[in-house]
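Please look at the sequence and coordinates first.

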Amino acid sequence: MQFILDIMAFLKVENVFFTYPKSNVAVLDDISFNSNEFEFLSIIGPSGCGKSTLLRIIAGLIKSTSGKVVLDNHEITGPSRNISFVFQDFALLPWLSNLENVKIGLASKNMPDYEREKIALDMLNKLELTGFEDAYPNLLSGGMKQRVGLARALVSNPELLLMDEPFSSLDELTANSLRYAVIEVLKDRKTLPKSVVMVSHNIEEAVEMSDRIVVLSSKPTSVKKIIKVDIKRPRDKGSRSFRNKVNEIYSIFAS
Ligand code: ADP
Ligand code: MG
C-alpha cells in the first residue's frame with residue numbers, strides 16, 4: 001500500500017542534499033518524503049536546520065546540490081506559476097494597495113484586468129478583508145497583513161501552497177484566528193491547492209493543522225521521522241488524543 005502511495009504521490013522530495021555555495025557546512029543531508037493530493041504536510045525541526053532552505057528548494061527558488069523535487073510528475077527546475085509561497089514576514093509591497101498586492105498573485109495569468117480585479121476582490125473577501133482593498137499594507141495589523149499574504153498566494157489557484165512559519169511573527173490570539181481562517185479556506189479543495197506544505201517550529205500548530213508531520217534533525221539535516229496525525233477534525237487541543245500526539249512529537253524532536 002505504501003509503495004503505491006509513493007508512486008502516486010503528488011509531491012516527491014527525493015534524496016535532496018544541499019550545501020550553500022562558498023560554505024562547506026552541509027545543511028540538508030539526504031532528505032526524502034512525499035506528499036499526497038489534498039494533504040496538509042508540516043515540516044518541523046530545530047532552528048537553523050534548513051527548513052526555509054528546503055522550502056525554497058521545493059519552490060524552485062534555489063537549486064539543490066543533488067537530488068530532485070517532482071510535482072505532479074514534473075521535476076521542478078525553477079520558479080513555477082503552479083506554486084505559491086507565504087512568507088513569515090509577509091513580504092508585501094508597501095507602495096501598492098492591498099488589492100494591488102493580491103493582484104500580483106495573478107500577474108502570470110493571461111486575463112483582462114477587470115477579471116483579475118474581480119478574482120482578487122473575491123479572495124480578499126474570503127479572508128475577511130472587505131473594506132481594506134484600497135488601504136496600504138503598512139496601515140494593517142500583522143494578522144491582517146498575513147491575510148493579504150495568504151490572499152496573494154491563494155488567488156492564483158496554485159497546485160502547491162508553501163508556507164514558511166506563516167504565523168510565527170503574530171501574537172498567539174491573532175495566530176489562532178488566522179490558523180482557523182486558513183483551515184476554513186482550505187476546506188474548499190475543489191478550487192484551492194492540491195497540496196500544502198508548511199514549515200513550523202510550533203508542534204501544537206503542526207498537530208492542529210496537518211495530516212502528516214515530517215520531523216527533521218539538526219544539521220547536517222535528515223528526516224528523523226514522519227508522523228501521521230489521524231485525529232478527527234475539527235481538532236480539540238484539550239483532547240487526550242491531541243495531547244498524546246503533541247507529546248509523541250516532542251519526544252522525537254528532543255531525542
Ligand atoms: P531554518 O529555516 O530551519 O531556521 P535556514 O534554512 O534558514 O534554517 O538555514 C539553514 C542553515 O543555512 C543555517 O545554519 C543558516 O545559517 C545557513 N544559511 C542560510 N542562508 C544562508 C546563505 N545564504 N549562505 C550561507 N548559509 C546560509
Ligand atoms: Mg526558517
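Helices (H or I, at least four residues) and strands (E, at least two) are DSSP runs, numbered from the N terminus. This is a predicted model, in which local features need pLDDT of at least 70 and side-chain atom pairs count only at pLDDT 80 or more, while totals for chains, interfaces and linings use all residues. Residues are numbered from 1 along each chain as its sequence is written, chains are lettered from A and ligands numbered from 1 in the order in which they are written, and side-chain values use heavy atoms, with hydrogens and water left out.

Q: How far apart do the C-alpha centres of domain 1 and domain 2 lie?
A: Domain bounds come from an automatic or database domain assignment. That assignment gives domain 1 as 1–82 + 194–255 and domain 2 as 90–157 + 168–193. Across the boundary, 13 residues of domain 1 are in contact (heavy atoms within 4.5 Å) with 10 residues of domain 2. The C-alpha centres of the two domains are separated by 24 Å.

Q: Which residues have the most contacts inside the largest nonpolar core?
A: A nonpolar core is a set of buried Ala, Val, Leu, Ile, Met, Phe, Trp, Tyr and Cys residues joined through side-chain atoms within 4.5 Å. The largest such core has 32 residues. Inside this core, the most contacts belong to Met163 and Phe167.

Q: Which helix gives the most to this core?
A: The largest core has 32 residues. The elements that give two or more residues to this core are helix H3 (98–104), helix H4 (113–126), helix H5 (142–154), strand E7 (160–164), helix H6 (172–187) and strand E8 (195–200). With 6 residues, the most comes from H6.

Q: Which residues does Phe167 touch, not counting residues up to four places away in sequence?
A: Phe167 is one of the residues with the most contacts inside the largest core. Leaving out residues up to four places away in sequence, Phe167 touches Ala175, Leu178, Arg179, Val182, Met198, Glu205 and Met209.

Q: How many residues does the second, separate core have?
A: This second core is separate and includes Val16, Leu55, Ile58 and Leu162. Its size is 28 residues.

Q: Which helix provides the largest share of the shell around ligand 1?
A: A residue is near a molecule or strand if one of its heavy atoms lies within 4 Å of it. The residues around ligand 1 are Tyr20, Val27, Pro46, Ser47, Gly48, Cys49, Gly50, Lys51, Ser52, Thr53 and Lys219. The largest share, 3 residues, comes from helix H2 (residues 51–59).

Q: What distance separates an oxygen atom of ligand 1 from an N or O atom in the side chain of Thr53?
A: A polar contact is a pair of N or O atoms within 3.5 Å; within protein, one must be able to donate a hydrogen and the other to accept it, and residues adjacent in sequence count only if both atoms are side-chain atoms. A polar side-chain atom of Tyr20 is 3.4 Å from a nitrogen atom of ligand 1, and one of Ser52 is 2.9 Å from an oxygen atom of ligand 1. For Thr53 the distance is 2.5 Å.

Q: Is Asn98 buried or exposed?
A: Asn98 is found in helix H3, and its side chain reaches the backbone oxygen of Phe132 at 2.8 Å. Not counting residues up to four places away in sequence, Asn98 touches Phe132, Glu133, Ala135, Tyr136, Pro137, Leu140 and Val148. With a relative accessible area of 1%, Asn98 is buried.

How values were computed
Buried < 20%, exposed > 50% of the residue type's maximum accessible area, 1.4 Å probe, protein only.
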